[in-house]
Structure formats: structure tokens, C-alpha cells
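Please keep the sequence and the model in view while reading.

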Amino acid sequence: MASTTVDPESIKLVNEKLARKYLLVPLYHDKKVLRVAMSDPLNLNAIDDLRFSTGLEIQPFISTLSDINAAISRHYHLNEPMMDEILGDFKKDRYVEVFHESESSRDLSEQVKKSAAPPIIKMVDSILIHGFDNRASDIHIEPQEKGVKLRIRVDGLMRETKQLPKWVQGPVVSRIKIMARMDIAERRTAQDGRFKVRIGEKSMDVRVSSLPTQHGETIVMRLLDPKAAMIDIEGIGIGKGELDRVLDIIERPQGVVLVTGPTGSGKTSTLYAMLARIKKEEINIITIEDPIEYELKDVNQVAVNDKTGLTFSYTLRSVLRQDPDVILVGEMRDAETATIAHQASLTGHLVFSTLHTNDAVSSVTRLRNLGVPSYMIASALNGIVAQRLVRMICKGCREEYTPTGQEIRKAGLKWSGKKLYRGAGCSLCANTGYSGRTGIFEIISVNGAIKNLIAADAPEHEIIAAALEGGMTPMHMDGLDKVSSGITTLEELARVIYMAKEPVCPVCLKTVPAGTERCGECEAAKAAVCQWCGKGREEGWVACPWCAHEFAAAPLS
């Protein structure tokens with residue numbers, strides 16, 4: 001009984017007088033059955049009284065007298081001052097309504113008022129409000145040996161916010177699992193759940209994951225703002241020149257458009273922004289996602305479910321019989337999905353999808369490794385967008401400064417002495433100096449030269465050279481442009497992407513050891529260097545692809 005989780009809402013169903021009379025504690029209820037821990041599970045009078053007072057069927061479980069008395073004292077005597085002391089400055093001034101898909105049309109006036117909610121429910125509500133107010137993407141509840149750590153992820157970085165006492169672990173975990181319609185009696189395996197919550201006038205989806213650990217179940221709640229998907233493609237951080245290239249890629253009537261990057265780099269938001277740009281009444285758009293993160297108006301969205309056989313590849317075959325014009329495949333995970341998607345693009349469909357690669361050109365190699373023929377990739381591919389997310393400098397405390405030599409060396413650059421910007425830290429950004437995030441991009445628009453190289457199984461360095469010649473801006477250059485514009489900082493850029501500090505081959509972008517005459521990867525002759533950053537350059541280049549310095553007409557040095 002001491003380690004059993006108790007649902008706070010079930011406690012409300014049985015008053016303390018009845019619990020002490022029959023020495024019992026309500027554990028949790030599911031539909032029309034209330035599970036109850038009793039010292040005497042054969043006491044039919046107690047079961048009849050419970051059935052009459054709650055209107056539910058009773059399922060008794062046996063427990064010891066000492067455990068039941070301790071549980072009654074704990075769960076029936078949680079008080080507001082105790083919760084206020086634990087939560088400190090957490091806000092508790094808003095009503096939090098939890099509902100599920102089938103209940104989205106409920107009337108607020110019919111709900112139990114917040115003032116009537118038990119303290120544990122108020123505690124969980126306050127945790128959700130705190131995460132919502134701080135723009136958190138995730139809330140972590142992590143049990144430790146002598147307490148419970150509460151952390152939130154803001155702008156991609158974890159931030160510890162509170163240490164909770166150990167005794168709240170069971171009730172809080174139980175409350176969250178009940179909200180997500182998970183099995184609170186099962187604490188030995190990982191579980192997933194989902195619910196919607198309305199805080200004030202704003203709504204958000206919450207995805208819940210539980211995982212058994214050494215000191216108890218850890219809970220992670222992913223907060224998804226449905227309105228976050230309504231961002232315009234102009235607002236995700238793509239420069240004006242690069243935006244024209246992206247629009248050219250996505251406005252073609254057929255082909256494959258790939259968005260690449262690691263988990264959490266904003267790929268889904270970019271895809272939704274692309275769909276929102278091309279969406280119109282005359283075309284049928286169908287998405288295949290795992291899971292559906294945001295709801296898109298006038299778009300048919302399908303959630304993948306491997307347990308029922310609704311895999312990406314199976315669903316994609318079915319979608320092709322639904323007369324789509326545009327298809328979004330959440331991820332090309334296997335050879336079958338990737339091949340079907342490319343075949344669909346060749347038969348007149350525009351296909352959007354994602355891959356997990358470090359840069360744009362690596363996507364071609366990844367597709368080859370998945371088993372997609374090179375000729376099919378060359379014929380189908382419209383373009384590739386690689387991206388990362390960097391934190392933006394807080395506008396409330398942005399200040400000008402001169403970067404130190406150590407910062408410049410860490411970024412692998414030689415700077416002209418130009419002043420940059422950083423955040424001094426203020427109450428608006430929780431003294432971090434950053435508020436919000438934007439994207440840095442590397443965009444390849446597949447032209448004839450690149451198609452020929454892909455079809456001929458050319459190595460990556462040749463495709464990179466063709467992409468640079470076709471106008472591709474390397475990702476770190478896009479990042480440096482945002483640094484010089486005062487959008488982000490050198491420190492943040494170096495945190496998100498690797499800024500090479502060694503001599504780099506201008507053909508394949510691999511490190512060239514000092515003292516060697518040729519690149520060990522592509523055998524290209526060691527090129528002359530940029531006088532600005534010390535990295536390789538070739539005859540005919542008008543600007544350095546690493547530091548963006550424009551070359552003069554002087555001969556190479």
C-alpha cells in the first residue's frame with residue numbers, strides 16, 4: 001500500500017468518515033469500477049455502502065491496517081498552505097481544464113470549479129501553467145532518492161525549476177497518468193498517453209511518456225501549441241534570397257522535397273509552413289505522421305500505428321488511392337517507404353518528407369543507403385533543406401559588445417573587429433540572454449548539373465561543389481549572417497553546429513592535415529587560402545564559402 005499510487009480524483013468520491021469507519025482507501029476508478037484497498041475485503045456492508053454512495057461497482061483489494069491508516073492521514077489531509085509552500089512562486093490563478101478528443105465540445109460552465117479541486121490536482125495544474133508561461137516545450141518530472149526534480153526545456157535547453165518533496169511523487173505521477181488515460185496500476189513498463197488542456201483562453205496538446213527508473217517513474221510531458229504550426233514560411237528564418245529558392249522547390253507540380261536535420265531541429269514546423277504556403281482549394285493534401293503533432297485546417301491527416309499494421313509504407317500505398325495532389329510522409333524510415341515516395345513523385349505527386357542527416361548533401365547518400373536507385377533520386381528530387389534551430393538574442397536586454405579573441409578562435413574565424421550583440425539577461429528571458437528560436441538553413445535546389453551527378457553516383461564532394469556553384473549557402477555561413485545581423489550570438493552558433501578550425505578542402509569540405517599537398521578524401525590538390533579566414537579557396541571564387549569574405553581581384557596567395 002505504501003508504494004501504491006492513489007488517484008486524487010478517486011479520493012473525492014469517498015469521504016473521510018466512511019473511509020475511517022470501514023478502514024479503506026479508494027485507489028482509482030476506471031469507467032464504472034472503483035478499486036478500493038480494504039483491511040477486510042469480505043466486508044459486504046462496506047462494499048454496499050460504497051456502491052450506494054459512489055454509484056460505482058466496487059473491486060476490493062486487501063491491505064494492512066497500518067498502511068490504510070497512513071494513507072488516510074496523508075491523502076485526506078493535504079492542505080493548501082502546504083502546497084503553496086512547496087510550489088513557491090508558481091502561478092495558481094488560472095483555471096486548467098483537461099479534456100480528450102471526444103470531449104472537446106464540453107461546456108466550461110459544467111466543469112468543477114478550480115477552488116473545489118484537491119491540492120494534488122492544483123499542484124499538477126500549477127506545473128502545467130508554469131511550463132506554459134515559460135514557453136517550455138517539455139516538462140520533466142524526475143524522481144530522485146530523496147526528492148523529485150522538476151525541470152523544463154525552453155528554447156532547446158533544460159532548466160531546473162523546483163525540487164519537490166519525495167512524498168508528492170506517487171500522487172503527482174498518478175494524477176498525470178489519469179489525465180492521459182494511462183494505466184496507473186502498471187509501474188513496471190513504459191507507457192504513452194495524450195490529452196488536451198485549456199489554460200485560460202488558450203489550448204494545447206500534451207503528450208505524456210512514463211518510464212520506470214531506479215527511484216520511480218519519470219514523467220515527460222511534451223507541450224504542443226496548435227497555433228505554432230500556423231507560422232508563415234517567411235517567419236521561420238529563411239533569408240530573402242534563399243526564400244525564392246525554397247518557393248521554387250515547393251511550388252513545382254511534382255517531385256520530392258526533403259527537410260533534414262536532427263531531432264528537435266524544427267523540421268515538422270518547416271514542413272507545415274511549406275504546406276500552408278501551397279495549400280489551396282484546388283489541391284488535395286494528405287499527411288502521414290507519427291504522431292500528428294498539430295492539426296492543419298483543410299488537410300487530411302493520418303496517424304501511423306505500427307501495432308495495427310498501419311505503417312508508413314502501408315499507409316502511403318493506401319493514400320495513393322485517395323487521389324492526392326500533395327503527400328507529406330513524416331519520415332523516410334525504410335527502403336519501402338522511401339522507394340514508394342519517390343515512385344509517387346514520378347507519377348505526378350508532390351511529396352514532402354524528412355530525413356535525419358547532418359547536412360543537405362548527405363541526404364543523397366542516405367537515400368542510396370536506404371536502397372533508392374540513384375536514377376530515381378535524380379529524377380524525383382526537387383530540393384533539400386537542411387536546418388538547425390538557434391536561440392535568438394532577447395530584445396529586452398540586447399547589448400552591443402566586441403567579441404574576445406577566445407570567442408573568435410572557438411568559432412574558427414578571423415574577425416574584422418566589428419561589434420556584435422548579446423543578451424545581458426533580464427526578467428523577460430529568465431536572465432539567459434535569449435528568447436525564442438529561429439532557423440539556420442542550407443538549401444539545395446536540384447538543377448540539371450546536380451541531377452546528372454546524382455544519377456552517375458558521384459561522391460558527395462562533387463555534388464557539394466556543384467551546389468556551391470549553383471548558389472547554395474553553407475549552413476554556418478547562414479548562421480554567421482544571423483550573428484552579424486544581431487539575431488543570435490557566436491556562442492550559440494558554435495553550440496549548435498561545428499565550426500571547423502582546421503584547414504578545409506574547398507572541394508569536399510574535409511579537414512586537410514598540415515603539410516600535405518592533396519586532400520586525403522577526394523585527392524584534390526591543396527588549394528590556395530582565403531587571406532581572411534585561412535581556409536582553402538579556388539580560382540574563380542568571388543567569395544569565401546566559410547567566412548563570406550568577398551575576394552578582391554588580387555591573385556591567389
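The cover over the buried residues of helix α10 includes β12 (285-289), β13 (300-303), β14 and α11 (335-346). Contact here means heavy atoms within 4.5 Å, and buried means under 20% relative accessible area, with exposed over 50% and partly exposed in between (1.4 Å probe, protein chains only). Helices (H or I, at least four residues) and strands (E, at least two) are DSSP runs, numbered from the N terminus. The model is a predicted one, in which local features need pLDDT of at least 70 and side-chain atom pairs count only at pLDDT 80 or more, while totals for chains, interfaces and linings use all residues. Residues are numbered from 1 along each chain as its sequence is written, and side-chain values use heavy atoms, with hydrogens and water left out.

Which residues of α10 are buried? They are Phe312, Ser313, Thr315, Leu316 and Val319. Viewed down the axis of α10, these buried residues fall within an arc of 165°, so they line one face of the helix; the arc is that of the directions from the helix axis to the C-beta atoms. The loop between α10 (312-319) and β14 (326-329) holds Asp323. This aspartate has a positive phi of about 55° although it is not a glycine. Asp323 is exposed, its relative accessible area being 61%.

Is Asp155 buried or exposed? With a relative accessibility of 9%, Asp155 counts as buried.

Another helix to examine is α8 (residues 240-250), where Glu242, Leu243, Arg245, Val246, Leu247, Ile249 and Ile250 are buried. Elsewhere, helix α17 (residues 475-484) contains Lys482. At 6% relative accessibility, this lysine counts as buried. Apart from its neighbours within four places in sequence, Lys482 is in contact with Gly237, Thr438, Gly439, Ile440, Ile487 and Thr488.

The next feature is a sheet. Three strands form an open sheet in the order β1-β2-β3, and the pairing is mixed. Its edge strands are β1 (24-30) and β3 (57-62), each of which pairs on one side only. From one strand to the next, the twist averages 25°. Strand β2 (residues 33-38) pairs with β3 in the parallel sense over six bridges, where two strands pair if DSSP finds at least two bridges between them. Val33 has Glu57, in β3, as its bridge partner.

Helices accompany this sheet. Helix α3 (residues 44-54) lies across β1, β2 and β3 and runs at about 135° to β3. Helix α4 (residues 65-75) packs on the sheet, touching β1 and β2, and its direction makes about 70° with that of β1. For these angles, axes are lines fitted to C-alpha atoms, for helices over the stretch in contact, and angles run from 0 to 180 degrees between N-to-C directions.

Strand β9 (residues 202-213) is the place of Ser209, which counts as partly exposed at 30% relative accessibility. Not counting residues up to four places away in sequence, Ser209 touches Gln191, Asp192, Thr218, Ile219 and Val220. The C-alpha atoms of Ser209 and Met182 are separated by 9.6 Å, and these residues are 27 residues apart along the chain.

A disulfide is a covalent bond between the sulfur atoms of two cysteines. Taking a disulfide as a pair of cysteine sulfur atoms within 2.5 Å, the count comes to zero disulfides. Cys397 is in no disulfide, and the nearest cysteine sulfur, that of Cys426, is 3.7 Å away. That distance is too far for a bond. Cys397 is buried, with a relative accessible area of 10%, and Cys426 counts as buried at 15% relative accessibility.

Finally, the chain as a whole. Its secondary structure comes to 18 helices and 21 strands, and buried residues make up 49% of its 557 residues. Among contacts in the chain with a separation of 6 or more, 62% are accounted for by residues 24 or more positions apart. The chain exposes about 26700 Å², of which carbon and sulfur atoms supply 49%; accessible areas come from the Shrake-Rupley method with a 1.4 Å probe, and for residues only the protein chains shown count as cover.
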